[in-house]
Every structure is written in C-alpha cells, then in structure tokens.
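Subject: Structure handover

Hello,

Here is the structure I promised to send over.

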Amino acid sequence: MANSNDSPEPATSSTFSLSIPRIEIRRSSSDTHLDKVQIKSASVYNIHGLSGSQHSLSVPPIHKDVVGYRGSNEFILTDDKQSMMDQIKSIGPWMRRKCKNVCRRKILYKRVPVLNWLPKYTMDDAVGDLVAGITVGLTVIPQALAYSSIAGLPAAYGLYGSFVGCFVYILLGSCKDVPMGPTAIASLLTFQACDGVWQRAVLLCFLSGLIELLMGLFGLGFLIDFVSGPVSSGFTSAVSLIILSSQVKDLLGIVAKGNTFIEQWSSIIDDIHNTQLGDALMGFICIIVLLLMRLLPRIKVGPPEETDQSVVQRIINKSLWLIGTARNAIIVIVCGGIGAAFYENGKQPFRMIGDVPSGLPSVQAPPFSVPEVVDGNGTVTQEYESFGDMLGNLGSMLIVIPLIALLENIAICKAFADGKPVDATQELIAIGVSNIANSFVQGYPGTGALSRGAVNNASGVRTPFGGLYTGLLVIFALLFFTPYFFYIPRAALAAIIIAAVIFMIEVRVVKPMWRSKKTDLIPGVATFVACLALPLEYGILVGIGLNILFILYHAARPKIHMDQAVTPCGVKYLMLTPDRCLIFPSVDYVRNLINKHGLKNQIPVVIDCTHIYGADFTAAQVIDTLIKDFKSRNQLLLFLNLKPSVGNVFEGADLEYRVFYDFEQLDKAIRECRRKSIQA
C-alpha cells in the first residue's frame with residue numbers, strides 16, 4: 001500500500017522515491033469491517049531494474065543522526081480477543097466446516113483408494129494380480145510359520161495374522177506392492193514385548209493398530225522423519241543379527257533364551273555341547289540350497305530381451321524364476337516330506353514344529369486379561385494379568401512397533417513408487433485398520449515386508465487386489481494343510497529365516513556413507529551397537545537422540561563466512577555472513593566470533609543478514625550486547641539485508657542498530673564514519 005502523494009518522479013530522472021508505510025489493521029470482534037487503521041513507521045527498499053537502472057524506495061530514518069533506518073515493511077493484521085461466549089458459539093460452525101471437508105468426494109477417494117482403481121480394473125490386471133497373489137502366498141505361508149517362532153508363539157499365530165490384513169489393505173492401501181502380514185522385525189519386537197504370551201501378542205496387535213490409526217487420522221506420519229537413514233540402517237542390521245541369533249538354537253537343535261544379542265549367544269554357548277546332528281545337518285544343507293536357489297531367477301536362457309526368445313526359452317526362464325521365488329515353499333514341502341518319512345518309520349532325528357490347530361481361528365474380541373493357568377500338579381504356569389498389568393508389560397513397544405511398522409511399510413512404497421509421492425498418512429490408516437482386524441482373529445502385529453514386496457513386484461502385481469489371492473491361499477492352508485505342518489522340521493524353518501535376514505544386514509551402505517559424510521556413521525554405528533547390547537526400543541532411541549544432538553550442534557554452531565572488502569573511496573571493512581538463523585543456542589557463539597574478528601582487524605564490521613531468516617528474543621538480547629561491545633570501543637557495526645521478520649524481533653527488544661539494503665548507502669555510512677574518526 002502506498003500514499004498517493006508518494007508518486008514517482010518524472011521520467012527524466014533515473015531514480016524515483018516511494019514511501020511505503022507500515023500499517024497495523026485492527027478488526028472488531030463483532031464486525032467484519034475494518035474500524036481502525038494506524039500508520040506506523042515506514043520502511044525502505046532499493047529496487048534494481050532489469051535494464052540496469054536503479055530505483056530506491058526511501059524511508060526517513062527513525063533517528064536523525066543515524067544513517068539507515070529501523071523497521072519492517074510487513075502488514076500486520078491483529079484481531080481483538082473474543083469473549084468466552086463468542087468462542088463457544090464458534091465451535092458449532094467450526095465443526096460443521098470440518099465435517100463438510102471430511103465428507104467431500106475428494107477426501108473419500110483419497111482415504112479409500114480402492115474407489116480410484118476398481119472402476120478401471122481390466123482383465124490384464126486380474127491376471128497379473130492372480131499370479132502375483134499366489135506367488136506371494138507361497139512365500140507367506142512358510143514365512144508365517146517361521147516368524148511365529150521368532151515371536152515365541154505357536155506356529156498357527158503367524159498364519160492367523162496373514163489373511164485378514166490382506167483383505168483390509170485392498171480397500172485402504174495406496175501401494176500395490178505391499179503384502180500385509182508378519183515380518184521378521186515385528187515378530188522380534190513382539191517377542192521382546194510379550195515373552196511368548198499369546199494374549200499379550202493379540203492385545204499388542206489391537207493397540208498397535210489403534211495407535212497407527214490415530215496417528216494416521218491426526219497426520220503424524222511425519223514422525224518417521226526423525227529416523228534418519230543411518231539410524232534406520234543400524235537398527236535393521238542389528239535386528240537382522242538378533243533374528244539370526246535367535247534361530248541358531250533351532251538350527252542346532254539346542255535350548256537357548258535371551259532378548260538381546262549378547263544374552264542369546266551367551267545361552268547358545270552354554271548349551272552348544274547338546275547340538276543335535278540331524279537338525280544341524282538339515283539346517284546347514286537348507287541354507288546352502290536356499291542361497292543357491294536365490295540365484296536361479298538371474299539365470300537367463302537365450303537372448304537377454306524376452307521378445308527375442310523362443311517359446312521354450314521363455315518357459316525355461318519362467319520356470320527358473322518361479323522355482324527361485326517359491327524356494328521357501330519348496331524347502332518346506334521337501335523337508336516336511338523327509339520329516340514325515342522318518343516319523344512314520346519310528347525315527348525322529350529332527351525336532352518338528354508340532355501340532356497346528358486345524359481350521360480358521362474364531363472371530364472374537366482381543367483379550368484384555370491373561371487368565372491364570374495351573375498344570376496337573378497344581379503348579380501355576382501362567383499368572384493372572386489384568387489389563388493394567390498387560391499394558392505395563394507392553395510398555396514402550398506400544399509406540400515403537402507402530403513407528404517401525406510404518407518405517408517398513410514406507411520403505412516398500414518408496415522402493416516401488418517410481419518417483420511418485422507416498423502418502424504416509426494413508427499407509428498408517430491402512431496398516432492400523434489391518435492390525436485391528438487381525439487382532440479379532442488372534443493375529444499378532446504385522447506390516448508390509450520388503451522381501452515379500454519384492455516378490456510381489458517381480459510377479460507383475462497390478463493393484464492391491466493381489467492380496468485377495470494371498471489371503472485365500474493362507475485360508476486354504478489353514479483349512480486343509482495344517483495336519484501336514486506337524487512334520488516340518490524346525491531346522492528347515494530356521495534356515496529359511498537365516499537365509500532371508502542375512503541380506504537385511506546393510507553393510508553396503510557403509511562405503512557410500514563414508515564417502516558422502518563420515519559423521520553420519522556415528523549415529524548409525526551407535527544405533528547398531530546399542531540395539532545389540534540393549535533392548536531394541538532403547539537402541540533406536542539412542543540413534544534418534546544422537547541425530548537430534550547433531551542437529552542441535554549444527555544449529556548452535558553456524559558457519560560464518562568472512563571477507564575483507566574495500567569501499568570505492570578505499571576504506572577497508574570486514575563483511576561477516578552467517579549461514580543460518582540466529583536462535584538461542586547459537587547467538588553467544590556468533591557474538592564471540594564476531595567480537596574476535598572485530599578486535600583482530602579493528603576496522604568497521606558489516607553483518608550480512610541475507611541467510612538469517614529468523615531470530616528469537618534471546619538472540620535480540622545478545623545482539624544488543626554485541627552492538628554495545630562495538631560501541632564501547634568506537635568500532636562501527638552495521639547490518640546488511642536484514643529480513644523484516646528479524647527486524648521486528650530486534651525492534652521488540654528496543655535495539656539501536658543501523659541496517660542497509662544497498663551497497664551505495666553502506667559505503668556512504670562507512671565513509672562518513674571514517675571522516676568523523678579522522679576529524680576527531
């Protein structure tokens with residue numbers, strides 16, 4: 001806004017002067033019209049035209065003896081405070097507006113993604129989803145049986161948590177490649193939280209899903225931004241080693257316990273003399289075979305381009321790919337057959353997973369207490385736990401598991417998004433509702449698994465509808481194949497897990513991280529070590545805490561670029577340019593650094609505020625002290641390109657400072673100061 005009296009000079013002049021007042025507008029709480037306009041101090045800027053001509057918007061200085069000015073050019077709109085009754089009355093219209101926004105068609109399509117792709121569903125999509133769904137199902141079933149042992153639960157609970165979530169994700173999921181179900185990391189966290197008590201695991205699934213849903217509704221997906229890449233890599237690598245260690249006992253047929261890496265290996269070493277030859281032999285052979293089968297999809301017969309291959313070559317390549325992809329299911333079937341053959345002959349060289357209840361789980365509410373269990377001798381094998389006791393035992397895992405589940409899920413979405421944006425809020429809603437639904441069929445917490453996501457993508461999945469066939473295959477297995485699961489050796493399942501998690505150890509990121517920024521290795525290595533030595537929730541907190549400390553350190557230690565400049569008349573001055581905002585952790589450091597350079601050079605100092613986009617009251621106080629330091633030794637201190645928002649903070653603290661927005665005025669002020677000092 002400008003006054004009409006402040007019109008430009010005639011065109012014969014190369015510059016024009018325009019005064020822009022700073023205006024404060026007050027609006028009445030009851031009326032919509034503006035009832036008071038108060039003109040405050042003016043502000044100035046210098047404008048450089050594209051043609052090279054310079055135009056200045058000049059403002060009278062606030063102090064007559066100060067070259068330059070103080071103030072800002074912001075228009076400030078302030079409202080009078082509303083009464084309590086007015087605030088209460090405004091709640092109803094506010095809620096109606098919010099409900100209207102929520103019920104919009106756009107929001108509905110965003111929060112129920114199936115409405116977007118289902119009307120455009122084609123036969124090609126159906127074929128792609130069918131093939132991918134069955135392929136993933138062949139991977140899910142053996143993994144679910146194996147992950148149950150990581151969670152310390154009977155094998156059936158892994159299958160219980162592997163089908164309902166697939167159906168829910170079809171409706172709410174935004175990524176076609178995410179297969180919902182148990183994962184290695186979620187299973188380990190479940191074991192550490194529940195210690196093998198299935199009631200706790202099911203309640204944890206319900207509460208985790210509820211927290212994930214609430215996080216999604218309140219838009220808290222940004223919380224994963226506090227888990228940096230190095231911390232995530234350190235956590236994943238440590239978890240992989242812990243999972244691998246937890247399976248060594250089944251691989252060797254011994255008994256071992258422990259939550260942390262150190263506890264597990266201490267227990268393994270104590271009982272390693274009881275190693276069972278049959279389990280160890282089968283386990284190591286299965287690992288070798290699985291690793292070799294993993295290479296089969298890379299083998300290509302014939303020309304590299306599929307269009308140039310013959311029909312026979314295509315069949316061979318597809319068969320190799322299918323065998324390599326379904327390697328876990330093949331190992332389970334073969335080893336189960338071997339186990340059944342030995343068992344029928346009255347021999348048991350392997351430990352079996354035992355009976356798996358046949359049929360689907362009953363649909364019921366998650367348990368909110370743990371009943372007391374007494375054996376035949378009257379000994380209490382499981383003590384009664386109230387809901388409060390269960391919450392106390394679950395502890396911080398109620399927060400850690402939802403965050404890690406989101407982290408795993410988003411990793412899949414980003415890996416196969418092809419550059420498209422990922423909606424973390426929608427994914428939180430999808431996995432939250434999926435876990436809530438899983439808890440009603442006695443499942444434990446799950447999310448999308450990156451390994452299954454890769455299989456899903458490689459199988460040619462088109463939409464989330466592929467989860468339907470995966471879920472149906474798990475139901476089919478529960479209805480008809482559970483009697484045969486009895487014969488599956490535990491060593492075979494342990495081999496499946498070890499062959500999978502060994503590739504989750506992210507050694508490959510160390511070299512590029514070292515080349516890129518060596519200090520990023522500190523939180524990564526610290527997280528890795530802490531997760532191995534401490535419970536996992538403390539380990540990841542160590543990594544996040546170190547990241548925050550690094551951020552605070554960088555905020556408290558801004559870089560200041562120093563240049564020695566000379567005015568056109570030959571007067572030297574020092575130009576100091578901080579590279580970030582002035583906030584309370586950094587201002588004392590900045591003050592000491594500026595004082596140090598000022599004392600060392602004893603020439604006028606100019607602080608270039610181009611990169612200072614914000615300041616606080618503490619910064620204003622310290623800058624006031626800095627100005628007084630320079631004034632006490634009769635050394636000139638000037639400011640250049642101060643942002644209006646920062647100027648407001650300085651004005652609020654009543655600072656007496658001099659600021660300029662072009663080098664011509666700056667040089668003039670330095671020259672004038674030099675002339676006065678010579679005369680004095």
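Predicted model: local features only at pLDDT ≥ 70, side-chain atom pairs only at ≥ 80, totals over all residues.

Let me begin with the open space. The largest pocket holds about 1,300 Å³. Its lining is made up of 48 residues, and Ala449, Leu450, Ser451, Ala454 and Met504 are the ones nearest its centre. Helix α16 (residues 397-415) gives the most to this lining, with 7 residues. By class, the lining of the largest pocket has 27 nonpolar, 12 polar and 9 charged residues.

The structure has 2 cavities of 30 Å³ or more, and the largest cavity has a volume of about 100 Å³. Around the largest cavity are 14 lining residues, with Val178, Pro179, Asn456, Gly466 and Gly467 nearest its centre. Both α7 (164-172) and α19 (466-480) supply at least two residues of that lining, and α19 gives the most, with 3 residues. The lining of the largest cavity divides into 8 nonpolar, 5 polar and 1 charged residues.

Now to the charged pairs. Side chains of opposite charge can pair when their charged atoms come close.

- Aspartate 423 and arginine 111 form a salt bridge, with their closest N and O atoms 3.1 Å apart. Aspartate 423 sits in the loop between α16 and α17 and arginine 111 in helix α3 (residues 105-111), so this pair ties together parts that are 312 residues apart in sequence. Aspartate 423 is partly exposed at 24% relative accessibility, and arginine 111 counts as partly exposed at 25%.
- Glutamate 385 meets arginine 200 in a salt bridge at 2.5 Å, N to O. This pair links distant parts of the chain, 185 residues apart: glutamate 385 is in the loop between β8 (380-382) and α15 (387-394), and arginine 200 is in helix α9. Glutamate 385 is buried, at 11% relative accessibility, and arginine 200 is buried, at 11%.
- Aspartate 624 and lysine 628 join their side chains in a salt bridge at 3.5 Å, N to O. These two are separated by about one helical turn, because they lie 4 residues apart in helix α26. Lysine 628 is exposed, with a relative accessible area of 53%.

Leucine 223 belongs to the loop between α9 (198-217) and α10 (229-252), and at 30% relative accessibility leucine 223 is partly exposed.

Glutamine 442 is not a glycine, yet its phi is positive, near 65°. Is glutamine 442 buried or exposed? Glutamine 442 is buried, with a relative accessible area of 11%, and lies in the loop between α17 (424-439) and β9 (447-448). Asparagine 634 has a positive phi as well, about 55°. Asparagine 634 is in the loop between α26 (617-632) and β13 (637-640) and is exposed, with a relative accessible area of 74%.

Best wishes

Key:
Residues numbered from 1 in each chain as written. Heavy atoms only, no water. Buried < 20%, exposed > 50% of the residue type's maximum accessible area, 1.4 Å probe, protein only. 1 Å grid on protein atoms, 1.4 Å probe; cavity = no way out; pocket = protein on both sides within 12 Å on 5 of 7 lines; lining within 4 Å. Points joined across faces, edges and corners; volume = space filled by probe spheres on them. Nonpolar A, V, L, I, M, F, W, Y, C, P; charged D, E, K, R; others polar. Salt bridge = Lys/Arg side-chain N within 4 Å of Asp/Glu carboxyl O.
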